[in-house]
Each structure stands twice: as C-alpha cells, then as structure tokens.
Amino acid sequence: MLLIYLFAVDDLTAARTLPALDALAAELGSRGVQPMAIALSPDWGDGWLLARAGGYRSPVANDPT
C-alpha cells in the first residue's frame, strides 16, 4: 500500500507529519506499507532539503505544479 502525503513546504503541520510517516514506515513497512511525501513547491530542491534536514528515511519528492 502506498500512502501519499501532499504538503506545502511552509505548512507547520508537515513538521509533525513527516516524522510520523517515518514511524509508520518503520512499524508497518514489513507489511507492505510505503509512505511517501510530496512537497508542493515551485522550487525543485525543497523536498530534497526537507528530507536531508530532517533525516527522513521515507521518500520525499517535489512537485512544482
């Protein structure tokens, strides 16, 4: 199961949700659950910077549209 979380990079809720997605992946990854976050931002590097800064193991992508 793929769980997709769409978020704006300036949304403070994402600061709590992204670590929760990592915890979900650690807990349920062996049962086929794969969370993925997508940063909605015109800057292509925002998703990458968030993933690196937060040390998230779950994929964080970027969608500029």
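The legends below describe close-up views of a predicted model.

**View 1. Three strands form an open sheet in the order β1-β2-β3.** Strands of a sheet pair through backbone hydrogen bonds, either parallel or antiparallel. In this sheet the pairing is parallel, and the edge strands are β1 (2–8) and β3, each of which pairs on one side only. From one strand to the next, the twist averages 30°.

**View 2. Strand β2 (residues 34–40) pairs with β1 and also with β3.** The parallel pairing of β1 and β2 extends over 7 bridges, and within this part of the sheet Ala8 stands opposite Leu40 in β2. The pairing of β2 and β3, which is likewise in the parallel sense, extends over 4 bridges, and here Ala61 in β3 is the bridge partner of Ile38.

**View 3. Helix α1 (residues 13–28) lies across β1 and β2.** The direction of helix α1 makes an angle of about 165° with β1. Helix α2 packs on the sheet as well, where it touches β1, β2 and β3, and its direction makes about 160° with that of β3.

**View 4. The path from β2 through α2 to β3 makes a right-handed β-α-β unit.** In β3, with which this unit ends, the residues are divided between two faces: Val60 and Asn62 belong to the covered face, whereas Ala61 and Asp63 belong to the uncovered one.

**View 5. Ser58 sits in the loop between α2 (46–54) and β3 (60–63).** Is Ser58 buried or exposed? Ser58 counts as buried because its relative accessibility is 8%, and the limit for a buried residue is under 20%. When residues up to four places away in sequence are not counted, Ser58 touches Leu21, Asp22, Ala25 and Pro35.

**View 6. Tyr5 and Phe7 form an aromatic pair.** The structure holds 1 aromatic pair, and in this pair the rings of Tyr5 and Phe7 lie 5.4 Å apart, centre to centre, with an angle of 10° between their planes. The pair counts as stacked because the planes are under 30 degrees apart. Tyr5 is buried, and Phe7 is buried too.

Notes
Residues are numbered from 1 along each chain as its sequence is written. This is a predicted model: local features need pLDDT of at least 70, side-chain atom pairs count only at pLDDT 80 or more; totals for chains, interfaces and linings use all residues. Side-chain values use heavy atoms; hydrogens and water are left out. Rings of Phe, Tyr and Trp (its six-membered ring) pair if their centres lie within 6.5 Å; planes under 30 degrees apart count as stacked, over 60 as edge-to-face and the rest as tilted. Buried means under 20% relative accessible area, exposed over 50%, partly exposed in between (1.4 Å probe, protein chains only). Contact means heavy atoms within 4.5 Å. Two strands pair if DSSP finds at least two bridges between them. Axes are lines fitted to C-alpha atoms, for helices over the stretch in contact, and angles run from 0 to 180 degrees between N-to-C directions. A crossover is right-handed if, with the strands pointing away from the viewer, the path from the first strand over the helix to the second runs clockwise.
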